[in-house]
Amino acid sequence: MSDQKLVLLGVTGGIAAYKAVELVRLLQYSGLEVKVVMTEHATEFVGPATFRALSGHEVALDLFEDPGKPIHHISLSAEPDCFVIAPATANVIAKIAQGVADDLLTTTVLAYKGPLVIAPAMNEAMLTDVATQENLALLQARGVRIVDPENGYLACGDVGAGRLADIALICEAVVAELSRCKDLEGKHVVVTAGPTQEPIDAVRFISNHSSGKMGYALAREAKSRGAEVTLITGPVGLRAPEGITIVDVSTAVDMGVALEQAATDADIIVCAAAVSDFRPVEVSDRKLKKDSADVQALETIHLVENPDLLARVCALRAAGSLKRDPVIIGFAAETDAVVANARKKLASKSADLIVANDISRDDIGFGSDYNEVVIATHDGEETIGAAPKQIISQEIFDRLIDHL
Ligand code: PMT
């Protein structure tokens, strides 16, 4: 059986469709097999016969056309190692962002679960419209790789942004996605995410503003790179990524138990959860009433320090108690002296890497789809500028690979 990778190239209806012909060749020169799916509008710009001749495969055009495979979009979506859409029109980008599936290309995208690369091409006014920008941001936040269009002469005669990116860059993005997919294969990655809740009584608890978005993005990224993933999550309102083991916990102590269990055969441990540092000493199993003798218990809640879960797994590793000597990463949620505090945590907890973020800002950190981080290692530090948490996760794993 051939281990040649298969790329599905989606071509949509824009003047840049002719450049997709050259992209087929470039992908083939990179050792990839290419199949093509076109929208009806794309066929107005380039004939399917061109793609059929170059790719050596029938071009997929119609939802109901393949008699051998009656549910064509499902069989088509199961085949490729990477799906690239170039050029992608504003219309198709909007449909993909919203889950609209009304032709073969868009139904195939919806059913497809692998790496997706989108290379937009359109008029500048359409590209810069808030709707298109929001759709692109949404897709990027979900882990889709966007190959930004270039500035230059556009089909309408204007000069501006919107011209399809150089096809060499699109090809590079596909190759990068394909290699990225494999680099954690055979590895067990454990991620903690979200807040902990430390109960006071039957209705109240101490917690924080963590939404779980950062940890879930990291888990999704590890999964997409081929890892077996265990996500230990505090209470969040997020949909669990598919194909990973989810361990739901509530308190720091429960998170610690789950973490130590998963850590025994982990290759990488990423502690992105916002663990409460303290918990109430006394927990009432009924609701404390403010208009009763309970008021004193409510006014004076005695706290005890929670175990430091990150420091604990690092200590277990140092003691040789973890089978695979994992790489261990912590996060640092800071409001000031971000780098200095990250370095302190790196040393005090004996982690390999600390990812520091400024949680005093509204546009990144807690709750946001975006983050901006400083990655501190024992050799120095590096800033990753503001980007969707999914992209930040890619950057973190790209650097982490060197520590394996
Ligand atoms: O969830 P989001 O809304 O997406 O927000 C993301 C985030 C801001 C929560 C995330 O990026 C982040 O910074 N997570 C770490 C939050 C935190 O607890 O930081 P810290 O500086 O207090 O702790 C440092 C490290 O020690 C962290 O890896 C933490 O998981 C760990 N820790 C802390 C306390 C404790 N008792 N046990 C721990 O293991």
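**Reading a predicted model, one feature at a time**

Tutor: Let's begin with Lys-95, which is found in helix α4 (residues 90-98). Helices (H or I, at least four residues) and strands (E, at least two) are DSSP runs, numbered from the N terminus. This is a predicted model, so local features need pLDDT of at least 70 and side-chain atom pairs pLDDT 80 or more, while totals for chains, interfaces and linings use all residues. Residues are numbered from 1 along each chain as its sequence is written, and side-chain values use heavy atoms, leaving out hydrogens and water.

Student: Is Lys-95 buried or exposed?

Tutor: Buried means under 20% relative accessible area, exposed over 50%, and partly exposed in between, using a 1.4 Å probe and protein chains only. Lys-95 counts as buried because its relative accessibility is 13%.

Student: Which side chain does Lys-95 join in a polar contact?

Tutor: A polar contact is a pair of N or O atoms within 3.5 Å; within protein, one must be able to donate a hydrogen and the other to accept it, and residues adjacent in sequence count only if both atoms are side-chain atoms. The side chain of Lys-95 makes such a contact with that of Asp-102, at 2.8 Å.

Student: How many helices and strands does the chain have?

Tutor: The chain has 14 helices and 19 strands. Its C-alpha trace spans about 80 × 50 × 45 Å along the principal axes. Of its 404 residues, 49% are buried.

Student: Now the ligand, please! Which residues come nearest?

Tutor: A residue counts as near if one of its heavy atoms lies within 4 Å. There are 29 residues around the ligand, and Ser-210, Ser-211, Lys-345, Asn-357 and Gly-367 come nearest. The shell divides into 14 nonpolar, nine polar and six charged residues.

Student: Which elements give two or more residues to the shell?

Tutor: They are α9 (213-224), α12 (309-318), β16 (327-334) and α13 (338-349). The largest share, four residues, comes from β16.

Student: What should I look for in the backbone?

Tutor: Most residues other than glycine have a negative phi, and most peptide bonds are trans. Here, the bond from Ala-86 to Pro-87 is cis, with omega near -5 degrees, and Pro-87 lies in strand β3 (residues 82-88).

Student: What about phi at Asp-325?

Tutor: Asp-325 is not a glycine, yet its phi is positive, about 45 degrees. Asp-325 sits in the loop between α12 and β16 and is exposed, with a relative accessible area of 56%.

Student: And what is phi near at Ser-350?

Tutor: Phi of Ser-350 is near 60 degrees, again a positive value in a residue other than glycine. Ser-350 is in the loop between α13 and β17 (353-358). Ser-350 counts as partly exposed, at 41% relative accessibility.

Terms used. Nonpolar A, V, L, I, M, F, W, Y, C, P; charged D, E, K, R; others polar.
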